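Below are my notes on the model, as numbered points. They take the interfaces and then the pairing inside the chains.

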Amino acid sequence: MAVLPKHKAQLNAARKMATSHAEALASYEAPRGLQSLLPTADARAAFEKAGFPTPVNEAWTFTNLAPLAKTNFTLPHKGQVSGAVIGEAKLVRDAVTLVFINGQLSYDLSEMTSLPVGVTIAPLSQAASMLTDSQVAKLKGKTTDGLAAANTAFLTDGYVLRVDEGQNITTPVELVFLSTGGKQAINLKTFITVGKGSTLELSEVYHSTSEEAYWHNSVTYIDVAQNGQLHFTRKQDEGTEAFHTAEVHTTLQRDASFYGFVANLGSKIARTMFETNVAGHNASANLAGFSLTGKGQHHNTSTHTLHGVEHTNANQIFRNVVAEGGHSVFMGKYHVLAEAQHTDAAMLNQNLLLAPSAKADSKPELEIYADDVKCSHGATTGKLDETALFYLQARGIDKSTAMAMLTEGFIDDLLNALPNSQARERLHDAIHRWLGRSMSTSMKG
Amino acid sequence: MTELLNIENLHARVEEKEILKGLSLKVNAGEVHAIMGPNGSGKSTLASVLAGKPGYEITEGSVNFQGEDLLEFEAEERAQKGIFLGFQYPVEIPGVNSMYFLRTALNAQRKARGEEELDGIDFMDFIQDKLELLDMNTEFLKRPVNVGFSGGEKKRHETLQMCALNPTLALLDETDSGLDIDALQIVSRGVNAMRGEGKAIVLITHYQRLLDYIEPDFVHVLKDGQIIKSGDKTLATELEKEGYSGLTNETTAA
Amino acid sequence: MNTAAKMPTPPADNVINKDTQLDKTYKYGFSSDIEMDYAPKGLNEDIVRLISEKKGEPEWMLEWRLNAFRIWQNMVEPNWAKLGYPPIDYNDIYYYAAPKSQKEKPKSLDEVDPELLAVYEKLGIPLKEQEVLAGVEGTSNVAIDAVFDSVSVATTFKDKLAEMGVIFCPISEAIRDYPELVKKYLGTVVPQGDNFFAALNCAVFTDGSFVYIPKGVRCPMELSTYFRINARDTGQFERTLIIADDDSYVSYLEGCTAPQRDENQLHAAVVELVAMKNAEIKYSTVQNWYPGDENGKGGIYNFVTKRGTCKGERSKISWTQVETGSAVTWKYPSCILEGDYSVGEFYSVAVTNNCQQADTGTKMIHKGKNTSSTIISKGISAGRSNNTYRGLVHIFPEAENARNYTECDSLLMGNKCGAHTVPYIRAHNNTANLEHEATTSKISDEQLFYCRQRGLSEEDSVSLIVNGFAKDVMQQLPMEFAVEAQKLLGISLEGSVG
């Protein structure tokens with residue numbers, strides 16, 4: 001690959017920053033239960049070779065990670081959090097809950113008594129024996145991706161979740177990841193397996209008690225077996241100075257369904273990448289979500305969905321609301337191989353810009369090699385409909401309330417994709433609060 | 001009477017499923033035949049097989065049209081030989097205006113018959129009285145083929161094409177379904193104009209109503225892939241009253 | 001960049017299309033025996049000097065070229081497009097080839113080599129250029145500047161245009177006769193270092209067209225350039241510069257063909273358009289360079305930079321292209337909308353068959369207030385080809401009330417080909433209103449059967465349906481081009497059904 005000189009300079013800088021990141025964390029030791037499995041040294045070398053991603057890399061063309069790369073991070077430390085904070089952060093009140101503080105499981109704060117039969121869940125550092133061969137291979141695997149390499153090289157912990165075959169699990173499971181701040185780099189790795197014909201509602205919440213810079217870097221591997229079904233909801237509500245990078249790799253077998261949902265509220269820079277391999281007939285990958293992006297924030301939602309066999313479905317809808325000084329990015333891609341005839345895939349990205357300085361970038365992409373397919377994408381970007389706004393004002397509603405109502409309407413029906421009513425309410429409230437805050441600032445502009 | 005079409009013991013299947021199971025039918029020049037039957041009896045399959053739609057496998061039997069083995073020809077060759085199929089669900093072709101489509105089709109057929117092709121001006125002269133017969137105007141022809149047409153417009157468009165292409169044998173597949181009385185009258189007018197020496201019409205229909213406007217010489221009942229009863233137009237009235245359920249496979253076609 | 005994956009080069013030995021009609025598809029595949037005058041192969045400063053000298057250029061032009069050459073030397077070939085081709089050896093190419101008889105410029109067409117005229121005769125279709133070139137005046141309202149390999153051969157209708165103050169001449173002539181105009185605008189829309197291929201063009205361009213439409217003039221005829229690559233191993237580097245002054249209008253047509261050859265030939269053109277206040281430029285291209293044979297052997301590598309600036313308010317630039325040729329196409333005709341209320345349009349049909357690869361699209365850069373742009377792209381892929389739409393719509397923060405509508409539709413024929421859509425949509429002002437839609441489909445069996453039932457052959461049915469699919473773009477073409485372009489779509493897809 002030819003590299004342009006200016007790109008070479010960027011790459012060198014990104015490598016240099018990776019090296020200094022690694023040096024700052026030099027005293028790192030892998031969790032005891034994973035030491036024989038984790039290729040710590042190789043991963044560190046791979047990280048330093050790849051560097052932090054730069055906009056030269058097409059996937060990062062709209063997202064500049066320099067503020068993250070330039071921050072001097074430390075290894076995670078122990079933290080104290082009250083139960084009330086957890087209650088505040090949670091999406092599903094009644095769920096079986098595992099709480100990780102600064103990347104480490106807190107047994108005190110977790111609520112696992114109602115864990116249903118058929119579900120096994122444990123922190124990764126203590127569950128190496130639960131891993132399947134292919135999961136071990138993923139853990140040991142080499143990567144050329146800087147963030148994935150850093151994740152392995154400085155892994156804090158994560159969890160392993162398995163649903164046995166034929167289990168219709170009605171109790172939701174939730175993971176809460178809390179950071180207490182202090183410039184920690186917290187690396188999480190997760191392995192989720194949904195057995196044949198089983199169903200599960202799973203949610204993850206990322207939250208903070210601090211406004212300091214820290215970094216949650218997570219890599220998740222999901223396998224949904226034949227006819228299995230997984231609802232996977234992520235609420236990212238980190239502190240305003242936080243960095244959040246997440247990759248969710250999902251493989252779907254025959255007749256399996258995956259419902260991924262992401263709600264982006266917090267962080268200075270947050271990127272969520274859904275990489276989905278629709279590998280079985282009649283499997284369906286459904287992704288949805290929204291971002292509420294305020295001043296100084298950058299939210300990137302990316303998807304890459306691979307269709308490799310006949311008769312698979314995919315649907316995506318992402319709506320982003322950007323307030324003054326915010327920047328949202330959507331990069332979606334359907335990749336349909338020649339074998340994947342009768343793929344039915346739709347993608348929609350809609351962006352709402354609330355203030356003159358709000359920015360939205362969108363790249364909805366199709367790469368298609370099969371002729372008998374139904375693939376489409378649509379993207380719209382604009383501001384609130386003036387006529388609708390006027391209509392509400394003419395009925396006596398003040399402008400900021402009217403704006404908030406219309407914006408809420410723009411996002412709210414997305415929440416219907418969520419199976420859990422508590423999660424819907426929680427997110428609805430979060431949207432409402434965010435709008436209340438940002439409308440007052442937007443109005444000044 | 002000159003024999004136009006002779007179908008003998010026709011068996012046809014689609015993806016392993018046998019739909020026509022030994023169908024026989026003779027159509028002479030000058031005749032109008034109506035084929036009636038319950039849903040799934042094979043009516044549309046018969047029309048499709050005769051017009052040469054890909055995807056049907058003929059496992060047994062023969063179809064002779066004007067002394068030739070019809071099954072040997074491609075769809076367009078059958079059209080050029082004078083077989084017209086009025087589609088039950090006319091197909092949309094975005095971006096292609098109806099006038100251009102019809103002229104291209106007409107010229108393809110004229111060329112195949114060794115006749116001179118019509119240029120745009122000649123074509124307008126040619127089509128004018130056909131449009132009038134069907135209460136249509138030239139604006140209609142400027143629209144893309146069947147795109148955004150109402151059900152009635154689609155069927156009138158099919159009828160217009162039939163009148164323009166002037167086939168020897170017209171197969172009209174449920175041309176009447178979904179039409180109101182006005183549209184039905186207009187379509188019937190077009191079909192009746194087609195009647196004449198040397199030509200034949202096969203109406204495939206669900207309802208006796210159409211036959212009030214286009215009087216058939218013969219009525220056949222198709223059930224489970226075979227013609228189980230044939231008669232004159234009174235058979236249709238009978239069917240309307242009694243339904244198909246009383247009929248069994250015992251009777252053989254006349 | 002790592003997502004711009006290299007396309008696997010299709011195997012050359014297997015899968016020969018059943019339909020032998022493919023062999024006759026490229027009807028312009030002949031090569032004429034006109035004596036050529038070559039510069040030696042390869043590229044260095046001496047070659048650049050030689051080209052400049054051959055063209056009798058002034059010192060400033062030579063310096064401009066040398067500067068570009070130095071920039072180019074420090075650049076790398078871009079590789080982000082979805083294209084795969086063996087490395088190009090830039091030192092194995094002739095950068096200058098002129099038909100010998102052109103060394104002394106002909107006073108009139110009578111003095112043109114009869115072989116050359118015969119070439120135009122063989123080209124047959126587009127328009128009535130043939131008659132025009134043959135000197136039959138009044139037969140067409142099209143003025144032609146023909147570029148045969150690298151030298152502009154003859155410009156017709158010059159006098160008629162001159163009366164109105166319109167300048168339409170080879171750019172080499174413009175450099176000599178209108179240096180101030182050329183200096184003022186050359187390289188202002190596409191800077192020398194804009195990209196690898198543009199820089200190369202700046203250094204070695206041999207000829208092309210220059211158009212200047214004075215204030216308030218509506219150019220009374222379509223202006224047309226006919227590009228044709230003839231010599232073996234020659235790259236063709238034309239350079240076109242069109243300036244439409246305030247309140248003026250011009251419609252410009254460009255047709256391209258190249259003879260059939262086994263080797264790949266390089267083509268790297270630059271087109272710059274400048275539209276001043278209230279001016280409108282309509283630029284139409286029908287490109288059917290030799291696409292290579294059914295196994296991907298030979299064909300043109302077409303790396304083109306086309307860009308226009310809507311400088312003045314209420315100006316308009318409209319690109320229409322029908323791309324059926326070339327082995328490799330890398331082309332993004334773009335608009336920079338600087339003037340308030342300016343309008344940019346891009347209408348494109350790109351057809352790829354056999355082993356062709358096309359990566360084409362546009363950039364609409366909105367800087368002025370109330371600017372609007374429309375993008376309609378229709379891609380048709382057949383055989384083992386790959387067809388990519390790549391487009392950028394960028395609303396700058398200062399571009400209040402910008403509008404864009406984008407529609408990209410792909411049609412696939414068979415499952416050995418690929419259709420890709422890569423839109424970049426950047427809205428950095430909240431008053432922007434952007435809409436983007438894309439679909440991928442095939443010709444349905446129902447549509448084919450319907451047409452065949454009415455008596456059309458399978459090939460004609462496909463041609464009819466494809467032309468319907470591309471209609472929104474085809475109707476943007478000037479009448480003279482439309483008929484040829486329609487036929488071209490059919491011809492390009494022959495043998496691709498079934």
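1. In this predicted model, 40 residues of chain C are in contact with 44 residues of chain A, where contact means heavy atoms within 4.5 Å. Chain C and chain A bury about 3,400 Å² between them, with 51% of it on carbon and sulfur atoms. Buried area here is the accessible area (1.4 Å probe) that two parts lose on being put together, summed over both.

2. As to conventions, the model is predicted, so local features need pLDDT of at least 70 and side-chain atom pairs count only at pLDDT 80 or more, while totals for chains, interfaces and linings use all residues. Residues are numbered from 1 along each chain as its sequence is written, chains are lettered from A and ligands numbered from 1 in the order in which they are written, and side-chain values use heavy atoms, with hydrogens and water left out.

3. The rule finds three salt bridges across the interface of chain C and chain A; a salt bridge is a side-chain nitrogen of Lys or Arg within 4 Å of a carboxyl oxygen of Asp or Glu. C:K82 and A:E367 meet through their side chains in a salt bridge, at 2.7 Å from N to O.

4. On the side of chain C that touches chain A, the elements giving two or more residues are β22 (418-427) and β23 (433-442) of chain C. Helices (H or I, at least four residues) and strands (E, at least two) are DSSP runs, numbered from the N terminus. By class, that side of chain C has 15 nonpolar, 19 polar and six charged residues. Ala, Val, Leu, Ile, Met, Phe, Trp, Tyr, Cys and Pro count as nonpolar, Asp, Glu, Lys and Arg as charged, and the others, Gly among them, as polar.

5. Strand pairing crosses between chain A and chain C: β19 (residues 374-382) of chain A and β23(C) are antiparallel over seven bridges. Two strands pair if DSSP finds at least two bridges between them. A:C375 has C:T440 as its bridge partner in β23(C), and A:T380 stands opposite C:E435 in that strand. Within chain A, β17 (residues 344-353) pairs with β19(A) in the parallel sense over nine bridges, and A:D344 has A:K374 as its bridge partner in β19(A).

6. Which residue of chain A meets A:E367 in a salt bridge? The partner is A:K333, at 2.7 Å from N to O. This pair links distant parts of the chain, with A:E367 in strand β18 (residues 359-368) and A:K333 in strand β16 (residues 327-336) of chain A, 34 residues apart. A:E367 also meets C:K82 in a salt bridge. Over all chains the count comes to 50 salt bridges.

7. At the other interface, 32 residues of chain B are in contact with 18 residues of chain C. The area buried between chain B and chain C is about 2,100 Å², and carbon and sulfur atoms give 63% of it. The rule finds four salt bridges across this interface, and C:R452 meets B:E74 in a salt bridge at 2.5 Å, N to O. Polar contacts between chain B and chain C number 15 residue pairs, both at pLDDT 80 or more. The elements that give two or more residues to the side of chain B that touches chain C include α1 (43-51), β7 (93-97) and α3 (98-112) of chain B. The largest share, six residues, comes from α3(B). That side of chain B divides into 19 nonpolar, eight polar and five charged residues.

8. Chain B has an open sheet of four strands in the order β2-β1-β4-β5, with antiparallel pairing. β2 (17-28) and β5 (68-69) of chain B stand at the edges with a single partner strand each, so one side of each is left without a neighbour in the sheet. β1 (residues 3-14) and β4 (residues 57-65) of chain B pair over seven bridges, with B:F65 in β4(B) as the bridge partner of B:L5.

How values were computed. A polar contact is a pair of N or O atoms within 3.5 Å; within protein, one must be able to donate a hydrogen and the other to accept it, and residues adjacent in sequence count only if both atoms are side-chain atoms.
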